[in-house]
Amino acid sequence: LSRAGEILVSTLDCNYIFESISKLTVPYMADWCSFDIMNDVEVMENVITYHRNPQKVIKAKMMHELYWNHPSSEDDILKVLASGKTHIYHDAGKKIVKNTNLSSEQDTLIEELCDTTFLIIPLIAHGHSLGTLSFATYGSSKSYKQSDIALGEELGRRVALALENSKLYSFSQKAIELRNDFLSIASHELNTPITSVKLQLQMVNRTLNSK
(Lines give C-alpha, C1' and ligand atoms only; values in the text may rest on other atoms or scores of the structure.)
Protein backbone atom coordinates (compact mmCIF):
# COMPACT_ATOMS: atom_id res chain seq x y z
CA LEU A 1 0.00 0.00 0.00
CA SER A 2 2.89 2.33 0.75
CA ARG A 3 4.43 1.69 -2.65
CA ALA A 4 1.04 2.02 -4.34
CA GLY A 5 0.53 5.35 -2.60
CA GLU A 6 3.83 6.62 -3.98
CA ILE A 7 2.78 5.64 -7.49
CA LEU A 8 -0.70 7.14 -7.25
CA VAL A 9 0.42 10.56 -5.98
CA SER A 10 3.23 10.81 -8.53
CA THR A 11 1.13 10.99 -11.69
CA LEU A 12 -2.21 11.84 -13.29
CA ASP A 13 -1.58 9.49 -16.22
CA CYS A 14 -4.22 6.74 -16.03
CA ASN A 15 -2.32 4.36 -18.29
CA TYR A 16 0.76 4.64 -16.09
CA ILE A 17 -1.41 3.97 -13.03
CA PHE A 18 -2.95 0.83 -14.58
CA GLU A 19 0.41 -0.56 -15.67
CA SER A 20 2.29 0.26 -12.46
CA ILE A 21 -0.37 -1.06 -10.07
CA SER A 22 -0.71 -4.23 -12.14
CA LYS A 23 3.03 -4.89 -11.98
CA LEU A 24 3.03 -4.13 -8.27
CA THR A 25 0.21 -6.54 -7.37
CA VAL A 26 1.29 -9.46 -9.57
CA PRO A 27 2.40 -11.97 -8.36
CA TYR A 28 1.86 -10.68 -4.80
CA MET A 29 -1.96 -10.67 -5.05
CA ALA A 30 -2.63 -12.88 -8.07
CA ASP A 31 -1.30 -14.75 -11.08
CA TRP A 32 -2.80 -12.07 -13.26
CA CYS A 33 -4.95 -8.98 -12.89
CA SER A 34 -7.09 -6.72 -15.07
CA PHE A 35 -8.52 -3.24 -15.00
CA ASP A 36 -11.92 -2.77 -16.65
CA ILE A 37 -12.96 0.87 -16.79
CA MET A 38 -16.22 2.58 -17.76
CA ASN A 39 -15.53 4.62 -20.90
CA ASP A 40 -17.19 7.86 -22.06
CA VAL A 41 -20.20 6.00 -23.50
CA GLU A 42 -20.80 4.05 -20.26
CA VAL A 43 -19.40 0.77 -21.59
CA MET A 44 -16.90 -1.35 -19.66
CA GLU A 45 -13.57 -1.55 -21.45
CA ASN A 46 -10.58 -3.72 -20.57
CA VAL A 47 -7.66 -1.29 -20.44
CA ILE A 48 -4.99 -3.74 -19.25
CA THR A 49 -4.49 -7.39 -18.37
CA TYR A 50 -1.13 -8.24 -16.80
CA HIS A 51 0.21 -11.77 -16.19
CA ARG A 52 3.14 -12.84 -14.03
CA ASN A 53 4.49 -14.66 -17.09
CA PRO A 54 4.95 -12.18 -20.00
CA GLN A 55 4.46 -15.02 -22.48
CA LYS A 56 0.97 -15.67 -21.10
CA VAL A 57 -0.38 -12.11 -21.25
CA ILE A 58 -2.25 -12.73 -24.50
CA LYS A 59 -3.71 -15.96 -23.13
CA ALA A 60 -4.81 -14.18 -19.94
CA LYS A 61 -6.50 -11.48 -22.03
CA MET A 62 -8.36 -14.16 -23.99
CA MET A 63 -9.50 -15.87 -20.78
CA HIS A 64 -10.56 -12.57 -19.26
CA GLU A 65 -12.52 -11.61 -22.37
CA LEU A 66 -14.13 -15.04 -22.62
CA TYR A 67 -15.33 -14.89 -19.02
CA TRP A 68 -16.45 -11.25 -18.93
CA ASN A 69 -18.22 -11.27 -22.29
CA HIS A 70 -20.11 -14.49 -21.71
CA PRO A 71 -23.86 -14.06 -20.93
CA SER A 72 -23.72 -16.46 -17.99
CA SER A 73 -21.08 -14.29 -16.29
CA GLU A 74 -22.87 -11.00 -16.89
CA ASP A 75 -24.71 -11.22 -13.56
CA ASP A 76 -21.38 -11.49 -11.73
CA ILE A 77 -20.12 -8.25 -13.25
CA LEU A 78 -23.38 -6.36 -12.83
CA LYS A 79 -23.60 -7.53 -9.22
CA VAL A 80 -20.22 -6.01 -8.41
CA LEU A 81 -20.98 -2.74 -10.20
CA ALA A 82 -24.50 -2.39 -8.80
CA SER A 83 -23.71 -3.33 -5.21
CA GLY A 84 -20.34 -1.63 -5.02
CA LYS A 85 -19.12 -4.66 -3.08
CA THR A 86 -16.26 -7.05 -3.69
CA HIS A 87 -17.14 -10.55 -4.86
CA ILE A 88 -15.18 -13.79 -5.09
CA TYR A 89 -15.99 -16.29 -7.82
CA HIS A 90 -14.51 -19.77 -7.50
CA ASP A 91 -14.14 -22.15 -10.44
CA ALA A 92 -14.93 -19.28 -12.79
CA GLY A 93 -15.24 -21.37 -15.93
CA LYS A 94 -17.88 -23.79 -14.69
CA LYS A 95 -20.70 -21.40 -15.59
CA ILE A 96 -19.78 -21.51 -19.26
CA VAL A 97 -18.34 -25.01 -19.60
CA LYS A 98 -21.61 -26.39 -20.97
CA ASN A 99 -21.68 -23.99 -23.92
CA THR A 100 -21.62 -26.07 -27.11
CA ASN A 101 -20.57 -23.26 -29.45
CA LEU A 102 -17.00 -22.93 -28.21
CA SER A 103 -13.99 -23.52 -30.42
CA SER A 104 -11.28 -26.00 -29.47
CA GLU A 105 -9.07 -23.09 -28.40
CA GLN A 106 -11.84 -21.75 -26.17
CA ASP A 107 -12.36 -25.22 -24.68
CA THR A 108 -8.74 -25.17 -23.53
CA LEU A 109 -9.25 -21.76 -21.95
CA ILE A 110 -12.40 -22.96 -20.21
CA GLU A 111 -10.46 -25.83 -18.63
CA GLU A 112 -8.10 -23.35 -17.01
CA LEU A 113 -10.94 -21.03 -16.03
CA CYS A 114 -12.57 -23.94 -14.21
CA ASP A 115 -9.59 -23.91 -11.90
CA THR A 116 -9.45 -20.12 -11.55
CA THR A 117 -10.70 -17.93 -8.71
CA PHE A 118 -11.61 -14.30 -9.42
CA LEU A 119 -11.55 -11.52 -6.85
CA ILE A 120 -13.45 -8.61 -8.40
CA ILE A 121 -13.17 -5.24 -6.65
CA PRO A 122 -15.30 -2.22 -7.62
CA LEU A 123 -13.53 1.08 -8.20
CA ILE A 124 -15.76 3.71 -6.61
CA ALA A 125 -14.97 7.38 -5.96
CA HIS A 126 -17.46 9.84 -4.47
CA GLY A 127 -20.33 7.45 -5.15
CA HIS A 128 -19.45 6.92 -8.83
CA SER A 129 -18.56 3.50 -10.22
CA LEU A 130 -15.49 3.90 -12.42
CA GLY A 131 -14.91 0.22 -13.16
CA THR A 132 -13.38 -2.86 -11.57
CA LEU A 133 -10.04 -4.30 -10.57
CA SER A 134 -9.91 -8.08 -11.00
CA PHE A 135 -7.40 -10.50 -9.51
CA ALA A 136 -7.22 -14.08 -10.78
CA THR A 137 -5.40 -16.99 -9.20
CA TYR A 138 -5.00 -20.57 -10.47
CA GLY A 139 -5.51 -23.75 -8.53
CA SER A 140 -8.54 -25.08 -6.68
CA SER A 141 -6.54 -25.09 -3.46
CA LYS A 142 -5.87 -21.38 -3.70
CA SER A 143 -8.30 -18.78 -2.43
CA TYR A 144 -8.44 -15.29 -0.97
CA LYS A 145 -8.47 -14.73 2.77
CA GLN A 146 -10.27 -11.85 4.45
CA SER A 147 -6.95 -10.04 4.84
CA ASP A 148 -6.40 -10.31 1.06
CA ILE A 149 -9.86 -8.90 0.41
CA ALA A 150 -9.27 -6.01 2.83
CA LEU A 151 -5.95 -5.22 1.16
CA GLY A 152 -7.51 -5.36 -2.32
CA GLU A 153 -10.40 -3.11 -1.32
CA GLU A 154 -8.10 -0.50 0.22
CA LEU A 155 -5.98 -0.55 -2.91
CA GLY A 156 -9.16 -0.22 -5.01
CA ARG A 157 -10.25 2.85 -3.05
CA ARG A 158 -6.91 4.54 -3.55
CA VAL A 159 -6.81 3.73 -7.26
CA ALA A 160 -10.39 4.99 -7.71
CA LEU A 161 -9.55 8.34 -6.09
CA ALA A 162 -6.47 8.67 -8.29
CA LEU A 163 -8.54 7.95 -11.40
CA GLU A 164 -11.16 10.48 -10.31
CA ASN A 165 -8.45 13.11 -9.80
CA SER A 166 -7.07 12.32 -13.24
CA LYS A 167 -10.53 12.74 -14.79
CA LEU A 168 -11.09 16.03 -12.98
CA TYR A 169 -7.70 17.32 -14.12
CA SER A 170 -8.45 16.30 -17.72
CA PHE A 171 -11.86 17.99 -17.50
CA SER A 172 -10.33 21.21 -16.15
CA GLN A 173 -7.71 21.22 -18.93
CA LYS A 174 -10.42 20.85 -21.56
CA ALA A 175 -12.41 23.63 -19.90
CA ILE A 176 -9.38 25.92 -20.03
CA GLU A 177 -8.86 25.09 -23.71
CA LEU A 178 -12.52 25.89 -24.45
CA ARG A 179 -12.23 29.18 -22.56
CA ASN A 180 -9.10 30.15 -24.49
CA ASP A 181 -10.75 29.25 -27.79
CA PHE A 182 -13.80 31.34 -26.86
CA LEU A 183 -11.68 34.33 -25.85
CA SER A 184 -9.70 34.08 -29.07
CA ILE A 185 -12.85 33.98 -31.21
CA ALA A 186 -14.54 36.71 -29.16
CA SER A 187 -11.46 38.92 -29.43
CA HIS A 188 -11.40 38.47 -33.20
CA GLU A 189 -15.12 39.16 -33.55
CA LEU A 190 -14.88 42.27 -31.36
CA ASN A 191 -11.83 43.62 -33.19
CA THR A 192 -13.65 43.59 -36.54
CA PRO A 193 -16.36 46.20 -35.68
CA ILE A 194 -13.87 48.21 -33.59
CA THR A 195 -11.53 48.43 -36.59
CA SER A 196 -14.44 49.55 -38.75
CA VAL A 197 -15.39 52.24 -36.22
CA LYS A 198 -11.78 53.46 -36.09
CA LEU A 199 -11.65 53.78 -39.88
CA GLN A 200 -14.91 55.73 -39.91
CA LEU A 201 -13.63 58.07 -37.17
CA GLN A 202 -10.43 58.63 -39.12
CA MET A 203 -12.46 59.52 -42.21
CA VAL A 204 -14.63 61.93 -40.20
CA ASN A 205 -11.53 63.47 -38.63
CA ARG A 206 -9.92 64.01 -42.06
CA THR A 207 -13.12 65.55 -43.38
CA LEU A 208 -13.27 67.99 -40.44
CA ASN A 209 -9.60 68.87 -40.77
CA SER A 210 -9.97 69.54 -44.50
CA LYS A 211 -12.64 72.12 -43.74
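**Exercise 1: the span of a helix**

Solution. Helices here are DSSP runs of H or I with at least four residues, strands are runs of E with at least two, and both are numbered from the N terminus.

A word on the model: it is predicted, so local features need pLDDT of at least 70 and side-chain atom pairs pLDDT 80 or more, while totals for chains, interfaces and linings use all residues. Residues are numbered from 1 along each chain, and side-chain values use heavy atoms, leaving out hydrogens and water.

**Exercise 2: buried residues**

Which residues of helix 3 are buried?

Solution. Buried means under 20% relative accessible area, exposed over 50%, and partly exposed in between, with a 1.4 Å probe and protein chains only. In helix 3 the buried residues are Val-57, Ala-60, Met-63, His-64, Leu-66, Tyr-67 and Trp-68. Across the chain, 37% of the 211 residues are buried.

**Exercise 3: aromatic pairs**

How many aromatic pairs does the structure hold?

Solution. Rings of Phe, Tyr and Trp (its six-membered ring) pair if their centres lie within 6.5 Å; planes under 30 degrees apart are stacked, over 60 edge-to-face, the rest tilted. There are two such pairs. Phe-18 and Phe-35 are tilted, at 5.0 Å centre to centre and 40 degrees. Trp-32 and Phe-118 are edge-to-face, at 5.6 Å and 90 degrees.
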